Structure formats: structure tokens, C-alpha cells
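This report describes the pockets of one protein model. Please look at the sequence and structure below before reading on.

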Amino acid sequence: MDKSELNEEEIQLWYKWKGSFHSIFGRVIKEMSDHTGLSEGDYGVLDRLDLVGDGSLRQQELAESMDWDKSRLSHHLTRMEKRRLVMRKPLDTDRGVQVIITPVGKSALNDARPIVSMAIRKHFLDQLTDQDVESITKLAERTKKGSAASYNAPTP
């Protein structure tokens, strides 16, 4: 079999996998947004500031943690600042910028977390058997390791 092309069965499997993820993720984000007014990006920024940075992160670290380029994050933070969810403060020691979650942002995050949790449970976890959980866990670990190995592999 030619490894440079996918057969019909492989294509269908890929689209099922991708479609399932997008469908579940979309429903979770829609419920969160409908109940809180936060976007996916808002929640991602606030969640990372809280969990990874204990309330604040350098803007560059935040961009890297979200896999966003600096420009995208900067524009998004400007919109979030206008809504008082975050604030930016220049660092004294270098040219960096510190992004800080505000009390309004922390409150919005705290309001969103149970909604996100319930939506994940409803649209994903409640659909799974114990065997599904075990299989998904093994698959996720294997594909993550495989992707990292091939990503870091030296090019010929």
C-alpha cells in the first residue's frame, strides 16, 4: 500500500475522528458562551493565567502556552482589557509585558468553569463506557508520543 495516500476507509476514519471532536468542542464552547458571554479565546486566556501563572504570566509565555502568535494574542488581550477581564503591565526588568487576571476576569472564569465542566460531562464523558475511557487514554498517550517523536525526528 502506498503510504503517501489514504484509502477510503482511512479517510472516513479521519473525518469521523475530526468531526466528533469538533462537534463536542463546539457544543461545549456554545454552552459556555451562551451562559457567560466568554469566547473560547477568553476562557483559554483566563484559564491559563489562573492555572499556569497563578494569576499572571508574561505575554510571551501566554502566547506560547496557547500556541498563538504574538499579534493574535495582543489583539485579543486588547478586547479583553476593554471588558476589564485582564490588564497588562510593562515589566520593570526588561521589555516584556505581564498579563494579569483582574477580579472581573477571575469572577467570569469561576462562573464559566462549572458550565464548561457540565458541558464536557454531558456531551462527552457521559457517552463513554469504562472501556472507552481506557481506550481513549491509551490512544491519546500513544499518538502524543508518536507525534512528538516524528516531530522531533531529524530530517534526512
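## The second largest pocket

α1 gives the most to the lining of the second largest pocket, with four residues. A pocket is an open set of points on a 1 Å grid over the protein atoms alone, where a 1.4 Å probe fits, with protein on both sides within 12 Å along at least five of seven lines; lining residues have an atom within 4 Å of a point.

This model is predicted: local features need pLDDT of at least 70, side-chain atom pairs count only at pLDDT 80 or more, and totals for chains, interfaces and linings use all residues. Residues are numbered from 1 along each chain as its sequence is written, and side-chain values use heavy atoms, with hydrogens and water left out.

The second largest pocket holds about 220 Å³ of space. Its lining consists of Leu 6, Glu 10, Leu 13, Trp 14, Trp 17, Leu 139 and Thr 143. Two or more of these residues come from each of α1 and α6.

## The largest pocket

In the largest pocket there is about 700 Å³ of space. The pocket is lined by 26 residues, and Phe 21, Ile 24, Phe 25, Val 28 and Phe 124 lie nearest its centre. Elements giving two or more residues to this lining are α1 (8–36), α2 (40–51), α5 (103–123) and α6 (130–152). With nine residues, α1 supplies the largest share.

Methods. Grid points are joined across faces, edges and corners, and a volume is the space filled by probe spheres set on the points.
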